[in-house]
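I opened this one to see how the inside is put together. Notes follow in the order I looked things up.

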Amino acid sequence: MGSPETRWWKVALFAALGWLLAGCDEQRIGKLEEGVATEADVRRQFGEPDRVREEPDGSRTLEYPRQPAGRQNYLITIGPDGRMSALRQVLSARYFEMVQPGMAQQAVRDLLGRPAKRVPYRLSQTEVWDWRYLDGQQEKLFSVTFDAEGKVKSVARIDEVPGERY
């Protein structure tokens, strides 16, 4: 586990990396305009997406998670015309409220992007996914517990424990 000093430095480094990512993202976002920017423009600013999802309407959703170091996940939609139609930071109350009991794991992943942490609990046959986010300046976790069938059992918003590894 390391000495308290070592743990403190790791926490500080992780926090600095998260703030650096957030600052860089703001600059990248500022260079992209909905309806004008192309997928090539998005990739030039954000790099290769973690995942690309083909949508039924012919659009594509590019996923740019900033977990576990950051506290944002970006979903960028490229319309059938090849232009950016939406850029959303999805780790917020508006999106968390869409997660409902009975929702499938894949639907939650599609809504919020890749979680910071996934922990299976064999005895209870559940799995917990955590996303790190900011509520104002407060560091928080949005936590979703899935049952044995991979359906949402419960959700929680809790304060992040300082020094917790992600």
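This is a predicted model: local features need pLDDT of at least 70, side-chain atom pairs count only at pLDDT 80 or more; totals for chains, interfaces and linings use all residues.

Before anything else, a definition I need: helices here are DSSP runs of H or I with at least four residues, numbered from the N terminus.

**Entry: helix H2**
I started with H2, which covers residues 39-46. Just after H2, glycine 47 takes a positive phi of about 85°. Which residues of H2 are buried? I found Glu39, Val42 and Phe46. They cover an arc of only 60° around the axis, so they sit on the same side of H2.

**Entry: cores**
Next I looked up the largest nonpolar core, which has 16 residues. The members that touch the most others are Val99, Val108, Leu112, Trp131, Phe142 and Val144. At least two residues of this core come from each of helix H3 (93-96), helix H4 (105-112), strand S6 (126-135) and strand S7 (138-146). There is also a second, separate core of 11 residues, with Val42, Ile76, Met84 and Leu87 among them.

I then picked valine 99 and skipped its neighbours within four places in sequence. What does valine 99 contact? My list reads Val108, Leu111, Leu112, Phe142, Val144, Val152 and Val155.

**Entry: aromatics**
Counting ring centres within 6.5 Å as pairs, I got 7 aromatic pairs. Phenylalanine 96 belongs to helix H3 and phenylalanine 142 to strand S7, so the pair ties together parts 46 residues apart in sequence. Buried or exposed? Phenylalanine 96 is buried at a relative accessible area of 2%, and phenylalanine 142 counts as buried at 1%. Ring pairs also link Phe96, Trp129, Trp131, Tyr133, Phe142 and Phe146 into a cluster.

**Entry: arginine 53**
With the cut-off for buried at under 20%, arginine 53 counts as buried because its relative accessibility is 18%. Where does its side chain go? I found a polar contact with the side chain of glutamate 55, at 2.8 Å. Leaving out residues up to four places away in sequence, arginine 53 touches Ser59, Arg60, Thr61 and Asp110.

Note on methods
Residues are numbered from 1 along each chain as its sequence is written. Side-chain values use heavy atoms; hydrogens and water are left out. A nonpolar core is a set of buried Ala, Val, Leu, Ile, Met, Phe, Trp, Tyr and Cys residues joined through side-chain atoms within 4.5 Å. Buried means under 20% relative accessible area, exposed over 50%, partly exposed in between (1.4 Å probe, protein chains only). Contact means heavy atoms within 4.5 Å. The arc is that of the directions from the helix axis to the C-beta atoms. Rings of Phe, Tyr and Trp (its six-membered ring) pair if their centres lie within 6.5 Å; planes under 30 degrees apart count as stacked, over 60 as edge-to-face and the rest as tilted. A polar contact is a pair of N or O atoms within 3.5 Å; within protein, one must be able to donate a hydrogen and the other to accept it, and residues adjacent in sequence count only if both atoms are side-chain atoms.
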